[in-house]
Amino acid sequence: MKRALVCVILLAMPVRSVASPHAPRQAQGSRLPDNPRVRAALDWFTPNISWVNDQQVRITEIPAPPFQEAQRAAAVKELLAEAGLTAQIDKAGNVIGELRGVNEKEIVVVAAHLDTVFPPGTNVKVHRDGSRMTAPGISDNGSGVAALLALARAVQFAHLKPQRTILFVGDVGEEGEGNLRGMRAIVDSYRAKLKAAVVLDGSGTEHVTTKALASRRLEALITGPGGHSWSDFGMPNPINALVRGSVRFINTKVPASPRTTFNIGQIEGGTSVNSIPHEARLKVDIRSESEDELTRLESALRECIIAGVRDEMESARDRSKGKLEWKVELLGSRPGGELPPDSPLLAALRAADEFVGNQSRMERSSTDANIPLSMGIEAISIGAGGNGGGSHSLQEWYDSAGREIGLKRALLTILGISGVAEEKSR
Ligand SMILES: [Zn+2]
């Protein structure tokens, strides 16, 4: 009861003071739900939740491993076209559905990544039990893609015309080694017109990502001549060198603040137990709130690999059969950035939260929003509602109960930053 009262008071408070003078007239958000067309769009969700759930199942059951999103993209394109949007697939493989605004020179992007972390051949059949669904990728990002489709349907159902053009995007390359290539392509294509981006990633309504966590992904490769485990014993061994270097690297001290992390996520090499391998490689993910720390850790990895190779060469009994070579390559780099606290996009999100009675905490994370944020374009990443867990695991689950709150929150945030046309301009 007390909470309801607080919401009413907050709704009555103008948030205009934090909106920039360049934001569309209705960016303040608090008056949006008074607009009959916005009301109609908001009211679309509850009676259509089973449609949204069905689309989520349909999308999740189309495999979308990294770099193999085409089949899922085609299905999303069809669904956006069915919703009445002009839909196309760009060179990067992104699906883009356009809802033309009064002002076509300004664009707001709402995006959900299509790809999953799961390799080809993973069983992606969805198990349903009431409102609970279980399948790899059901939440990350089946829930985001389903929300994207629901939002497109709701605005078309309500004949909503935005001030700024809204692009509904299913983007590629968010997971694994995709290096955010889909979002990079979107920002590249619409750079001059792009005013804001709202990313729908995973479930929930409890957070808003306003800070982009910078990260780098590196691969170290060590090669050598290789040989027989018995007759060539003493020859330098790439796996030995990699292990020596890895042990040095994992002893690297990282600060708690700025928070900095590293992870050896993959290690491979060798052909058989009785062969001296001719190569060994490892993949490392490093993240930090500070670009300087990232640079320091990247250098540390190189130094440790060099030292591992040197240690192995020094202890090798037989150097006549060749030496070890090494290289460390950057597989991907996600730039950092932050949304300013007085951003109109954040004001729109806050107004939406107030309307639906939600409270969200600000977070730093690595998402598609990294790209616009790193270029000074307003962007946030939010969950698509409902609840989920076990992300990136085969036990991943999603519960759609209450998902309409997340859908309404996303809709009001997007319309808050795009603005809604006056009735007469239609
Ligand atoms: Zn995701």
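The following legends describe close-up views of a predicted model.

**View A. Crossing of helices α3 and α5.** Helix α3 spans residues 49–60 and helix α5 spans residues 142–157; their axes come within 9 Å and cross at roughly 135°. The two helices are therefore oblique to each other. The crossing of α3 and α5 is right-handed.

**View B. Residues in the contact of α3 with α5.** From α3, the contact is made by W51, V52, Q55, Q56, I59 and T60, and from α5 by G142, S143, V145, A146, L149, A150 and R153. By class, the residues of this contact comprise seven nonpolar, five polar and one charged.

**View C. The largest nonpolar core.** This core has 79 residues, and those with the most contacts inside it are L80, V109, L151, F168 and L200. Helix α5 supplies its largest share, ten residues. Leaving aside residues up to four places away in sequence, F168 touches L80, L85, V95, I96, G97, L99, V110, L148, L151, A152 and V155.

**View D. A further nonpolar core.** Another core, of 21 residues, lies apart from the largest one. Among the residues of this other core are A220, A241, L297 and C304.

View E. R310 lies in α8, which covers residues 291–315. The relative accessible area of R310 is 42%, so this residue is partly exposed. The C-alpha atoms of R310 and G245 are separated by 9.3 Å, and the two residues are 65 residues apart along the chain.

Key: Residues numbered from 1 in each chain as written. Predicted model: local features only at pLDDT ≥ 70, side-chain atom pairs only at ≥ 80, totals over all residues. Heavy atoms only, no water. Axes fitted to C-alpha atoms, helices over the stretch in contact; angles between N-to-C directions. Helix = DSSP H or I, 4+ residues; strand = E, 2+ residues; numbered from the N terminus. Parallel < 35°, antiparallel > 145°, perpendicular 65-115°, else oblique. Left-handed = near helix turned anticlockwise from the far one by under 90°. Contact = heavy atoms within 4.5 Å. Nonpolar A, V, L, I, M, F, W, Y, C, P; charged D, E, K, R; others polar. Buried < 20%, exposed > 50% of the residue type's maximum accessible area, 1.4 Å probe, protein only. Core = buried A, V, L, I, M, F, W, Y, C linked by side-chain atoms within 4.5 Å.
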